[in-house]
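Please consult the sequence and coordinates shown below alongside the text.

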Amino acid sequence: MTDETKHAAQARALLDSEEGFRLLIESVREYAIFMLDSGGYVASWNAGAERIKGYRAHEIIGRHFSTFYAAEDLAAAKPARHLEIAREQGRVEDEGWRLRKDGGRFWANVVITALRDAQGNIRGFAKLTRDLTDQRAREEAEGRAALASEASRLKDDFLAIVSHELRTPLNVIQGQATRLRAGNLSHEDQERAWASLHRNLQLQTRIIEDLLDVSRIVSGKLALRRERVDVLSLVKEAVDEVQTAAAAKDVTVTKEYEPTDARVMGDPLRLRQIVANLLSNAVKFTPSGGRVAVACRRVNDEILLQVSDTGVGIASELLGTLFERFTQGDSSVRRESGGLGLGLAIARELTTRHGGSIEAISGGKGQGATFAMRLPIAAES
Ligand SMILES: Nc1ncnc2c1ncn2[C@@H]1O[C@H](COP(=O)(O)OP(=O)(O)OP(=O)(O)O)[C@@H](O)[C@H]1O
Ligand SMILES: [Mg+2]
């Protein structure tokens, strides 16, 4: 017999013997491997079980395995349920907190397997437990780090966009102010410079107002007036105001108003802000030659405002997040059209605060878009 075959034969004999098998299981330290009798009482114990759970074999053998479960799991009858499932389905796997002897918790992966004899009767259960506390802590730390770095990236992006958006009108304002100060402009050029200065001041103001609104919303400090508001006249005014911008880019605005005495309880300036937001988006995202249709009417107990356009439309994956802060469509459109992606977030918050709702409908890119806002009609006073 060569040395090799001698070793192989010895090894086989060891594994064939019950002692070999017992030694294998008893000495594993990485896993708790032990047996329960058919009633769930601990019947054997290995080195890993001692290491993970803290009991010596003589302290735990004969005790019920529910000892390892935390109070909330006991209250939910989890131990009995686990044995039940193992009995019915052959095995059960669970991940959760378990108790050590000293009462400390560890995050465990547990597999309970039913042990049946040749006749199919349950003889007991094999229980295998891994301590995943460190792994879980590591994963949680990684998750937190990933979230933090994503948040910090978003902040960086946001700062870049805000600075750019504020810089753009400021450049124009500076340029026009310099020209006006030089004083050698024709009357016509002077008028144009003033108009452009004014437009860009308004734009700058709006961006800062939006930022302030978002910060008020986030900190819960957005206060609303409550008075009876004639939404239809406010829509008419807002439409008049957007006409110039629409005409400048050759976008036609059509109107369909159904007269109504209905009033909405709320803040007139804020309601107007919502409407202005929807209108400015419609004009902004509709190329030259397109149309924007505004319809306002009463439907049952609500005022319905619809702003539809024949513009760039909204991709279906954007429809779900459109009303979230800082959400904008693809970056090429954003670069062209500017904005911070705040308008709709503010509009939704304001609408909700008025007890209303707002939704976006679009067949997809290039298909135009419709925004519908509903506001509850106030009771007659
Ligand atoms: N009428 C519309 N047609 C197509 N896309 C639209 C329309 N209205 C809004 N969107 C899309 O929704 C995004 C979010 O709109 P929102 O009004 O919140 O931001 P914004 O107009 O980009 O910037 P801001 O309103 O802060 O100036 C837009 O960037 C655009 O991609
Ligand atoms: Mg907008």
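The sections below treat the nonpolar cores, the ligand site and selected individual residues of this predicted model.

## Nonpolar cores

The largest nonpolar core has 48 residues, and within this core L305 and F371 touch the most other members. Two or more residues each come from helix 8 (187–218), helix 9 (231–248), helix 10 (268–284) and helix 13 (343–353), and also from strand 8 (291–299), strand 9 (302–309), strand 10 (357–361) and strand 11 (369–376). Helix 9 makes the greatest contribution, giving 8 residues. Because domain 2 (138–218) and domain 3 (227–376) both supply members, this core lies between them.

Leaving aside residues up to four places away in sequence, L305 is in contact with V235, V275, L278, V294, A295, C296, F371, A372 and M373.

## Ligand site

Around ligand 1 there are 22 residues, of which N281, D309, Q328, L342 and L344 come nearest. Helix 10, helix 13 and strand 11 each provide at least two residues of this shell, and the largest share, 3 residues, is that of helix 10.

The side chain of R206 places an N or O atom 2.8 Å from an oxygen atom of ligand 1. For D309, a side-chain N or O atom is 2.8 Å from a nitrogen atom of ligand 1. The backbone also takes part: an N or O atom of G343 lies 3.1 Å from a ligand 1 oxygen atom. On its own, ligand 1 has 590 Å² of accessible area, and the protein covers 97% of that area.

## A buried lysine

K78 belongs to helix 6 (residues 78–89). Its relative accessibility is 17%, so K78 counts as buried, the cut-off being under 20%. When residues up to four places away in sequence are not counted, K78 touches Y69, D73 and D94.

## Positive phi angles in loops

Most residues other than glycine have a negative phi. D250, a residue other than glycine, has a positive phi near 55°. D250 sits in the loop between helix 9 and strand 6 (252–257), and with a relative accessible area of 48% D250 is partly exposed.

N300 likewise has a positive phi near 55° and is not a glycine. N300 is located in the loop between strand 8 and strand 9. Its relative accessible area is 66%, so N300 is exposed.

How values were computed. Residues numbered from 1 in each chain as written. Chains lettered and ligands numbered in written order. Predicted model: local features only at pLDDT ≥ 70, side-chain atom pairs only at ≥ 80, totals over all residues. Heavy atoms only, no water. Core = buried A, V, L, I, M, F, W, Y, C linked by side-chain atoms within 4.5 Å. Buried < 20%, exposed > 50% of the residue type's maximum accessible area, 1.4 Å probe, protein only. Helix = DSSP H or I, 4+ residues; strand = E, 2+ residues; numbered from the N terminus. Domains from an automatic or database assignment. Contact = heavy atoms within 4.5 Å. Near = heavy atom within 4 Å. Polar contact = N/O pair within 3.5 Å; in protein donor to acceptor, adjacent residues only side chain to side chain. Areas by Shrake-Rupley, 256 points an atom, 1.4 Å probe, with all protein chains shown as cover.
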